[in-house]
Amino acid sequence: MFTLPALTSDITVSVNSGAKLTESVRRPIEPVGKFFLHHAQRTLRNHTWSEFEKLQAEKNVKTVDESNVDPDELLFDDELADETLLTHDPRDWKSADLYAAMGLSKLRFKASDAQIIKAHRKQVLKHHPDKISASGGLNQDGFFKIIQKAFETLTDSTKRSQYDSCDFEADVLPPKKGDSYDFFESWGPVFESEARFSKKTPIPTLGNLETEKKEVEQFYAFWNRFDSWRTFEFLDEDVPDDSSNRDHKRYIEKKNKAARDKKKTADNSRLVKLVERAMSEDPRIKLFKEQEKKEKEQRKWEREAGARAEAEAKAKAEVEAKAKAEADASAAANAKADKKKAKEAAKAAKKKNKRAIRSSAKDADYFGDADKAATIDEQLGLIVDTLDDEQMVEVADKIKADASATKQVLQDIAKTMSEGGKLPASLLSYFL
Amino acid sequence: MSSPVIGISFGNTSSSIAYINPKNDVDVIANPDGERSIPSVLSYVGDDEYHGGQALQQLVRNPKNTIINFRDFIGLPYSQCDITRCESGAPAVEVDGKVGFVISRGEGKEETLTVDEVISRHLKQLKLAAEDYIGSTISQTVLSLPTNFTAEQKSALSAAAAKVGLEIVQFINEPSAALLAHVEQFPFKNDVNVVVADFGGLRSDAAVIAIRGGIFTILATEHDNTLGGNDLDNELVEYFAKDFEKKNKSNPRTNARSIAKLRANASITKKTLSNATSATISIDSLADGFDYHASINRMRFELVTNKVFARFSSFIEKVIAKAELDPLDINAVLLSGGVAFTPKLSSNLEFLFPESVEILGPQNAESSNYPNELSASGAALQAGLASIYDEDEMKEALQPIVINTPHLKKAIGLAGANGEFFPVLMAETSYPVKKSIKLKEASGDLLISVYEGEHHIEEKTLEPAPKEENDEDSEEWSDDEPEVVREKHYTLSTKLMDLGIKDVKKGVEVTFQLTKDAKLRVSVKDLKSGNIVKGEL
C-alpha cells in the first residue's frame with residue numbers, strides 16, 4: 001500500500017510556479033459511453049466539476065425513485081444470512097433457519113405468500129444442484145433439500161403457523177432489567193413481535209408518551225387478555241410411522257402432547273410476566289397514577305367546598321353582627337351624649353338668657369328709676385321664672401338686639417303675661 | 001414507450017443486432033431462424049430472397065446468386081475493391097464505377113444490384129428481424145464500423161440505411177463498442193490501457209485504447225484485410241482436401257462445388273473445436289461421388305493452423321508497437337469477433353505477454369462468453385444512451401470541440417514515503433479531469449508532494465538457481481537460459497507542488513483536478529476533521 005511521507009518542514013502550500021506540465025497532445029476521444037456524454041455535457045454547458053457532481057447526484061436520486069426494481073427484491077437477503085446452512089444436515093432440517101435458507105431472514109413472519117414464492121425461485125436459481133455442479137462446485141444437494149423443505153413448510157398455512165410459532169429468531173427480547181433505555185423504543189418491537197400470535201385483530205399499538213389514557217388502558221387490557229394461537233407442534237418428537245409398535249407410538253404421542261401443553265403454559269406465563277413488567281415500567285402509567293392522585297385531591301377539595309362556604313358565611317355574619325352591635329352601641333352613646341350636650345347647651349342658653357333678661361334692667365340702669373331697683377329686680381325675677389323657653393329666647397334676642405328697647409320689650413312681655421293670666425298684674429306693677 | 005434505438009454491428013461475414021430491453025439489459029436479437037450472429041449473406045432463388053444462415057446454405061447449391069462479403073465495398077470505387085473475396089459467391093462486377101452484382105431471378109431475367117442496394121436489403125432484413133423481436137417499428141440505429149472507414153463510406157452507408165427507413169444516429173468504432181460492452185459488464189477498477197483485437201471472418205482490426213475515468217481514447221489502430229477466420233478455414237480445407245485425396249485419389253479442389261461443401265463443413269468443424277476437444281466432419285459425395293468422413297482433434301487443428309495463429313499474435317504486437325507502448329503498459333487484451341472463440345488464440349497470447357496482461361477472451365471468467373456479440377452490445381448501449389439524450393444534445397456532443405481534448409503526455413502523481421512515484425493521473429489522460437484517491441491508513445503530519453513522473457522499462461536478468469551437483473534428473477528439465485525479467489518503473493521528474501497537512505487522524509483524500517487550460521489543482525482533505533489544503537499550479 002502506498003504511504004505518504006511525513007511532514008518534516010512547516011509547509012502548507014508551496015507551489016513550484018516555475019514548473020510546467022509537459023506539453024500535451026490533442027487527440028480525439030471516443031464518443032461512446034456515458035462518461036463521454038458526461039464530459040460532453042460539462043464542456044458544452046461550461047459546468048464545473050462540483051456543479052456537475054451536484055446535478056448528477058440529483059439525477060441519481062430520481063433514477064432510484066423511478067427504477068422499476070421489484071420492491072420485494074430489495075427485502076430479500078443479498079447473500080445467505082447463515083453460511084453454516086450450506087453444510088447443514090438436510091435430515092435435520094427442522095433445526096435449520098428456514099427463513100434464512102429462503103433468503104427471507106429480514107422479513108420472516110411478515111413475508112407474504114407471493115414473496116415466499118419469489119424468494120424460493122431466486123434461491124433455486126442460485127442453489128440448484130445442477131447449477132452448482134455446472135460451476136464446478138461439489139455435487140452436494142443438502143442445502144437445496146433444505147430450501148425445498150422450507151418452501152414446503154412456508155407455503156402450507158398450517159405448517160407455516162406451526163413453524164412461525166417456534167421461530168424464536170423472530171422473537172424480540174425485552175430490554176434487560178436495570179438498564180436505562182427508551183421505553184417505547186425497546187418495548188415497541190417486543191410487542192410487535194408478540195402480536196404475531198394474536199387471534200384477534202386489530203392489535204393496538206404501544207403508542208408514545210402522548211397517547212391518551214383510554215388507549216393505553218385498552219392496550220394493556222388487550223395484552224392482559226391476549227389470545228395466542230402459538231402452538232408447539234413443530235418441536236414434537238417424530239412419531240414413528242411403522243404400525244409394529246402401537247404402544248410406543250401412543251406413548252410418544254402422549255409425551256408430545258404433554259410437552260406441547262407444558263410449553264404452551266410456559267409461554268402464556270411468560271407473556272403475562274412480560275406484560276406485567278412492561279406495565280410496571282411504562283412511564284405513562286406512572287404519569288396517569290400521579291394525575292389520578294392529583295385529581296383525587298382536587299375532587300376532595302371540591303367536595304368540601306359547601307361546608308367551607310357555610311362556615312365562611314357564618315363567620316362573616318358573626319363579624320358583621322358584631323360590627324353592627326358595636327356601631328349601634330357607639331351611635332347610642334353618641335346620641336345620649338349629644339342630647340345631654342344639647343340639654344346642657346339649652347340649659348346654659350336658658351341660664352344665659354335668664355341672666356341676660358335679669359340683668360337687662362340693671363344694664364339699662366333700671367330705666368332711670370334706680371330707687372325702684374329692688375322692685376324692678378323682684379318683678380323681673382318673677383317674669384323670668386314665668387317665661388317659657390320660647391318667650392325667653394325671643395325676649396333675650398330682642399334685648400340683645402336693642403338694649404335701648406329693653407324697657408319696652410319687658411313691658412310688652414309683662415303685659416302678655418298679665419293678660420295671659422300667668423302672673424297677676426299686681427305683681428308686675430312697675431312694667432304695667 | 002417510443003420505439004427503441006437499436007445497435008447494429010455490421011460485419012463482412014456476419015452482423016448482429018442488439019437493443020436495451022425494458023429491464024435495462026442488453027439483448028442480442030436473434031433473427032427468426034434463431035441466429036444471434038446473422039451471416040451477412042443474401043441469396044436469390046427465383047423471386048425469393050434468402051438472408052442470413054439460409055442464404056449461407058445457398059453458397060453450395062447456388063453460389064452465383066449468393067452475395068457475400070460485400071460490406072467493405074460501400075462507398076469505394078471499383079478500382080479500390082478487392083473483388084477476389086467474392087469469388088466463392090456471386091462475382092462482383094463494375095456498375096457505374098462501383099461494385100455491383102448480377103443476379104439471375106429465374107426464367108432468364110437478370111437483376112443488377114449495386115453494393116448500396118445490397119446493403120440496403122441487408123439492413124432491411126436486420127431491421128425486420130429486430131422489429132419482429134421487439135414488436136414495435138424501428139427507425140433509428142447506432143452502427144459500429146471499423147476505425148478506418150472513411151467519411152464517404154459512412155455517408156454512403158447512411159444513404160443506404162435511409163432508403164429502408166433506418167436513420168443512423170451515430171457511427172461508432174467497433175473496438176470502442178466492444179470495449180464499452182465489456183466495461184459495462186466487467187468494469188475495470190483503475191485506469192487501464194487495453195488492446196481490443198477484433199478477429200472477424202475476413203479481416204482483423206486492433207486498437208489500443210486508453211480508458212481514463214471511463215473515457216476512451218484510441219492510441220493506435222491496425223488493420224489487416226488478409227487475416228481472419230477464413231484463413232483458419234482455408235488451412236483446414238487444405239488439410240481435409242489432402243486427407244481426402246490420400247484416401248480416395250480424387251482432388252476436391254478442382255471442383256468449385258466440392259470446395260464450397262468442404263469450406264462450409266470445415267467452418268462448422270472449426271466452431272465445434274472451440275468447445276470440444278475433437279470433432280468430426282462428414283460430407284456426402286464430396287467429389288467424384290466419394291463420401292468423406294473424418295475426425296479431427298483440437299491439437300491437430302492447432303498444429304494445422306499454427307501459422308495463422310502466429311500471425312494473429314504478431315498482429316497484436318504490431319499495434320502495441322504502433323502506439324509506442326510496451327507490452328508492460330498494456331493491462332488487458334480484449335478479444336472480439338468470431339475467431340476469439342478458439343482457445344488457442346487466448347493461450348497463445350497468454351504465453352506471449354507478461355503475466356500483468358489479462359487476456360479477456362471467452363475462456364476468461366472476467367469477460368463475456370460471446371466475443372462476437374460484443375460490438376453489437378456496445379452499439380446497443382450507445383443506442384440506449386442516444387435514446388435518453390435528445391437529438392440536438394447528441395449532435396452537439398459529437399462536435400470536434402468536445403471530442404478533441406488535450407491528453408497528458410506524462411503521468412502526474414504523488415511521491416511516496418520511500419521516494420517512489422505513485423501515478424494518479426496516468427499518461428494519456430484526457431482533460432479536463434478530476435480524480436481523487438483515498439488513503440485510509442494515512443495519519444499524522446503528512447507531506448503531499450506532487451510530481452510529474454516518467455517511466456521506463458527495466459530489464460533484469462535472473463541467473464538460474466545453481467544446480468545441485470548430484471541431482472541428475474533435474475539436468476534434463478532445467479532451463480539453462482537465464483530468465484529475463486522486465487519491469488515497469490516510475491521515476492520522479494518535475495516537482496509541481498508541495499502540500500502539508502497536519503494532525504491527520506484517520507485517512508486523507510487527495511483530489512487532482514486538471515482544468516481545460518491545463519491548470520492543476522490539488523486539494524487534500526482530512527477525512528475525519530474535514531480540513532482542506534489546496535494548491536493550484
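**Entry 1: salt bridges across the contact**

I started with charge pairs and counted two salt bridges between chain B and chain A. I noted one of them by name: B:E428 with A:R27. Their closest N and O atoms lie 2.9 Å apart. I keep in mind that this is a predicted model.

**Entry 2: polar contacts and what chain B brings**

I looked up polar contacts next. The rule gives 13 residue pairs across the interface of chain B and chain A, both residues at pLDDT 80 or more.

**Entry 3: extent of the interface**

**Entry 4: strand pairing between the chains**

I went back to β25 of chain B. It pairs with strand β1 of chain A, residues 13–15. The sense is antiparallel, and I count three bridges. I checked one position: A:V15 has B:M497 as its bridge partner in β25(B).

**Entry 5: chain A by itself**

I listed the secondary structure of chain A: 16 helices and two strands. The chain has 432 residues, and 31% of them count as buried. I then looked at contacts between residues at least 6 apart in sequence. In chain A, 65% of these join residues at least 24 apart.

**Entry 6: a charged residue in a helix**

I picked A:D267, which sits in helix α11, residues 246–281, of chain A. Is A:D267 buried or exposed? It counts as buried because its relative accessibility is 9%, and the cut-off for buried is under 20%. I looked up its neighbours, leaving out residues up to four places away in sequence. A:D267 touches A:R230 and A:F232.

**Entry 7: chain B by itself**

I found 13 helices and 28 strands. Of its 537 residues, 53% are buried. For contacts with a separation of 6 or more, 63% in chain B are between residues 24 or more positions apart.

Key:
Residues numbered from 1 in each chain as written. Chains lettered and ligands numbered in written order. Predicted model: local features only at pLDDT ≥ 70, side-chain atom pairs only at ≥ 80, totals over all residues. Heavy atoms only, no water. Salt bridge = Lys/Arg side-chain N within 4 Å of Asp/Glu carboxyl O. Polar contact = N/O pair within 3.5 Å; in protein donor to acceptor, adjacent residues only side chain to side chain. Pairing = 2+ DSSP bridges. Helix = DSSP H or I, 4+ residues; strand = E, 2+ residues; numbered from the N terminus. Buried < 20%, exposed > 50% of the residue type's maximum accessible area, 1.4 Å probe, protein only. Contact = heavy atoms within 4.5 Å.
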